[in-house]
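Subject: Structure handover and side-chain contacts

Dear colleague,

Here is the structure for your files. Please look through it alongside the notes below.

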Amino acid sequence: MGISKGGQSLKPYVGSKEVAEAYVGSQLVYKAGLPYYYYFLGAETTYYISNNCQLAYYASVTKPAWATTYKIAIGASTGTTSPRIQLFNVSEFIGRQLKFLYRGDPKGYENNLQVIFRRSDNTLIETKHLTFKSQETLAQYTVPAGCARIDIQCIAFNTYYTVDAIRFEET
């Protein structure tokens with residue numbers, strides 16, 4: 001995201017190197033990149049995935065036939081481990097809103113997508129269950145105290161979900 005000057009959007013440079021962050025005292029006043037703290041964002045011809053977003057156990061980036069942008073697909077027909085996306089280094093977002101779009105396979109079942117908040121030692125803080133939706137729906141949850149990792153996982157086989165625009169926003 002650039003700095004605005006009139007109708008222009010400018011990127012700051014020091015010499016030939018683009019400025020990644022700018023501070024006034026200890027206050028962050030500019031950060032290069034997307035306007036929120038995105039972990040995944042699909043576009044028509046490409047996508048952005050953060051180093052802190054791991055696709056694990058039957059999760060992959062795809063462009064479904066019904067979609068105009070790339071999505072993360074999670075789900076599997078067989079196996080013993082629940083398909084999931086793992087979001088790491090989320091402790092800086094405690095108290096902020098985790099937001100993402102999700103959509104279930106029309107053949108899926110209710111409450112098969114979970115958002116699991118975990119501590120750094122992998123112990124459970126809390127689990128949220130999402131209701132099946134055949135249209136893209138916004139999910140949002142406040143990141144609880146002590147959270148270091150979040151799993152978004154599908155808990156039933158033969159059920160598929162797509163997830164997009166995973167981000168953290170101010171409440």
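The notes below cover the core, the aromatic rings, the salt bridges and the cysteines.

The model is predicted, with local features needing pLDDT of at least 70 and side-chain atom pairs counting only at pLDDT 80 or more, while totals for chains, interfaces and linings use all residues. Residues are numbered from 1 along each chain as its sequence is written, and side-chain values use heavy atoms, with hydrogens and water left out.

Core

A nonpolar core here is a set of buried Ala, Val, Leu, Ile, Met, Phe, Trp, Tyr and Cys residues joined through side-chain atoms within 4.5 Å. Buried means under 20% relative accessible area, exposed over 50%, and partly exposed in between (1.4 Å probe, protein chains only). The largest such core has 29 residues, of which Ile74, Leu87, Phe100, Ile150 and Ile166 touch the most other members. At least two residues of this core come from each of S7 (37-42), S11 (71-76), S12 (84-88), S13 (97-104), S14 (113-118), S16 (137-142), S17 (149-154) and S18 (159-169). Strand S18 gives the largest share, 4 residues. Strands (E, at least two residues) and helices (H or I, at least four) are DSSP runs numbered from the N terminus.

Aromatic rings

There are 8 aromatic pairs in the structure. Rings of Phe, Tyr and Trp (its six-membered ring) pair if their centres lie within 6.5 Å; planes under 30 degrees apart count as stacked, over 60 as edge-to-face and the rest as tilted. Tyr37 and Phe93 form a tilted pair, because their ring centres are 5.1 Å apart and their planes at 55 degrees. Tyr37 is in strand S7 and Phe93 in the loop between S12 and S13, so this pair ties together parts 56 residues apart in sequence. Tyr37 is partly exposed at 26% relative accessibility, whereas Phe93 is buried at 2%. Phe93 also pairs with Phe168, and here the rings are stacked, with centres 4.3 Å apart and planes at 5 degrees. Phe168 lies in strand S18, 75 residues from Phe93, and both residues are buried. Tyr37, Tyr39, Phe93 and Phe168 make up one aromatic cluster.

Elsewhere, the charged end of Arg103 sits over the ring of Trp66, 3.8 Å from its centre. The criterion is NZ of Lys or CZ of Arg within 6 Å of the ring centre and within 35 degrees of the ring normal.

Salt bridges

The whole structure has 8 salt bridges, each a side-chain nitrogen of Lys or Arg within 4 Å of a carboxyl oxygen of Asp or Glu. Asp151 bridges to Arg118, with the closest N and O atoms 3.1 Å apart. This pair joins strand S17, which holds Asp151, to strand S14, which holds Arg118, across 33 residues. Asp151 is buried at 0% relative accessibility, and Arg118 is buried at 15%. Glu169 and Arg167 also form a salt bridge, with closest N and O atoms 2.6 Å apart, and both are buried. By contrast, in the salt bridge of Lys128 with Glu126, Lys128 is partly exposed at 28% and Glu126 is partly exposed at 27%. Lys71, Glu136 and Asp164 are linked in a salt-bridge network.

Cysteines

The structure has 0 disulfides (cysteine sulfur atoms within 2.5 Å). Cys53 is buried at 7% relative accessible area, and Cys154 is buried at 0%.

Regards
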